[in-house]
Amino acid sequence: MRKKTNWIDRDLAHVWHPCTQMKDHENFPPIEISSAKGSYLHSSNGAQIIDGISSWWCKSLGHRHPAIARAIKRQMKFFEHIIPAGTTQRPLVELSERLCSLMPGFDKVFYSDSGSSAVEVAAKMSLQFHAQTSTPEKKLLASLQNGYHGETTLALSLGDCELYSRPFSKILHRTIKLGPLPYLDSKASPLWEKIPDEDWLKVERTLDTNKPRLAAIFFEPIVQGAAGMLVYSMNFLQRLSEWAGKNNVLLVADEIMTGFHRTGPALACMHAGIVPDIVCLSKGLSAGWGAMSAVLVKRKIFNAFYDDHPTGKAFLHSSTYAGNALCAAAAIEALKIYEEERIGEMVSERECELRGAMEKTGRSTAALRNIRGIGFIAAADIVNPKTGSPFPKDARAGFMFYQNALRGGAFLRSLGDTIYFMPPLNSAPATIRKLAKIAAKALEETVRKLSS
Ligand SMILES: Cc1ncc(COP(=O)(O)O)c(C=O)c1O
């Protein structure tokens, strides 16, 4: 007789889920997904659930895209993974060529296996770059207030989300935090084109103070994801880029969330017309088909590491699965789809539709404020409709909303009490409308319960 399977019990016996207080699962167990297609997850009890946050922002083209599945199958006929040092392979070469053409000025790609590790690579590269050029005194890294760059220790040190870094505060590296940032609700804000000089001057003062020792500035261009989908002015980036260029400080764009058309253009830096020195990519790179990240660099950086072996200048960072062939095959196909299906233009054209869905949710519940967004990202903060103020933190309004939405058929994991829509970029209009309906109902249930 076949063993009866209760996957949830077996899961809870052995699986420790990421970014989760596991005790929450006593009352709200993980949902068992048996398959997924396009913008939908299918649960084992027959529910169809919209993947409203693209599985942590990576399933840019939805689940099981047939062309990507075919590309992986084709690659499997040859090999799935080989040591990435001392060998080469067609998928990696083709992918690197394509990535270098994303923006002018890039001609080398260094691969790793997650967003966090790409940030580690970029940080180590920036420090070693200065150590090996004529500026060894440049040993400090800076980043933006409210930034998020991943979970490894250097990445956590560059981030500014206490929620994730607090337990490790004693061992994190000192980094300079720049801000406050000129936040806005959309590109239509007058601040988008030009921020007041006095706002920039505060940041510039911090930069000037640290200039002699500053090696690099890390930033999530245009949208800070984990801090709550905070959109800021492209003019801020232009000024940051201008300052960095004049002061021999490297600019490192963390495009891990924003890359590959999430905000419209292929890279969010393009909104500001800036070209950073280093770009970190992941998530949409393989369209969420595998663990892959890439660090694009300009030649001047590569050149600082290129010398005879005894100089010890090589960049000796390694990760076993760097440049995995199946991921590379998926990424090449994803890049073709972004281009052939005009995903970037489509996102720009449909930006209003997603934002409209969030606005509708806000209007029908009066329980949202600070509606904001760009591209295929729309976010807002939950408030008590009676007072217009947030609920107390320990009421966990966002978590309650997430549970209600899931029961209603949408996976909308919140960021604290910030809710956001970030479905696959090719989601059908009907899916967006459905998402708004489910969110409104879930929000109504949430505020009713919390206000009673
Ligand atoms: C901007 C940014 N940087 C870095 C990371 C870390 O990526 P990973 O979770 O793949 O390590 C994330 C993840 O959400 C991110 O949004």
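Colleague: Which residue forms a salt bridge with K300?

Modeller: The closest N and O atoms of the pair are 3.3 Å apart, which meets the salt-bridge rule (a side-chain nitrogen of Lys or Arg within 4 Å of a carboxyl oxygen of Asp or Glu). The pair links distant parts of the chain, since K300 is in helix α11 (residues 299–303) and its partner is in the loop between β11 (250–254) and β12 (278–281), 23 residues apart. Helices (H or I, at least four residues) and strands (E, at least two) are taken here as DSSP runs, numbered from the N terminus. The partner of K300 is D277.

Colleague: What pLDDT do local features need in this model?

Modeller: Residues are numbered from 1 along each chain as its sequence is written, and side-chain values use heavy atoms, with hydrogens and water left out. The model is predicted, so totals for chains, interfaces and linings use all residues, whereas side-chain atom pairs count only at pLDDT 80 or more and local features need pLDDT of at least 70.

Colleague: Is D277 buried or exposed?

Modeller: The classes rest on relative accessible area, with buried under 20%, exposed over 50% and partly exposed in between (1.4 Å probe, protein chains only). K300 has 41% relative accessibility and therefore counts as partly exposed. D277 has a relative accessible area of 8%, so this residue is buried.

Colleague: What is the relative accessible area of E333, which forms a salt bridge with R74?

Modeller: R74 and E333 form their salt bridge with the closest N and O atoms 3.6 Å apart. This pair also links distant parts of the chain, R74 being in helix α3 (residues 66–76) and E333 in helix α12 (residues 325–340), 259 residues apart. R74 is partly exposed at 43%, whereas E333 is buried, with a relative accessible area of 12%.

Colleague: How many salt bridges does the rule give?

Modeller: The pairs of K300 with D277 and of R74 with E333 can be joined by that of E162 with R166, whose closest N and O atoms are 3.6 Å apart. Within this last pair, E162 is exposed at 52% and R166 is partly exposed at 47%. By this rule the number of salt bridges comes to 21.

Colleague: How far apart are the C-alpha atoms of P276 and M103?

Modeller: P276 is in the loop between β11 and β12, and at 0% relative accessibility this proline counts as buried. Its contacts (heavy atoms within 4.5 Å), leaving aside neighbours within four places in sequence, are M103, F106, L251, A253, C269 and K298. P276 and M103 are 173 residues apart in sequence, yet their C-alpha to C-alpha separation is 9.6 Å.

Colleague: How far is the C-alpha atom of L61 from that of S427?

Modeller: L61 is in the loop between α2 (54–57) and α3, and at 2% relative accessibility this leucine counts as buried. Beyond residues up to four places away in sequence, L61 touches I68, A287, A334, I337, Y338, I343, P424 and N426. L61 and S427 are 366 residues apart along the chain, and their C-alpha atoms are separated by 8.2 Å.

Colleague: How much space lies in the largest cavity?

Modeller: On a 1 Å grid over the protein atoms alone, a cavity is a set of points where a 1.4 Å probe fits but cannot get out, and lining residues have an atom within 4 Å of a point. The search of the whole structure finds one cavity of 30 Å³ or more, lined by W57, S60, M257, G259, F260, R262, K283, G284 and L425. Domain 1 and domain 2 each give at least three residues to this lining. With grid points joined across faces, edges and corners, and volume taken as the space filled by probe spheres set on the points, the largest cavity holds about 40 Å³.

Terms used. On a 1 Å grid over the protein atoms alone, a cavity is a set of points where a 1.4 Å probe fits but cannot get out, and a pocket is an open set with protein on both sides within 12 Å along at least five of seven lines; lining residues have an atom within 4 Å of a point. Domain bounds come from an automatic or database domain assignment.
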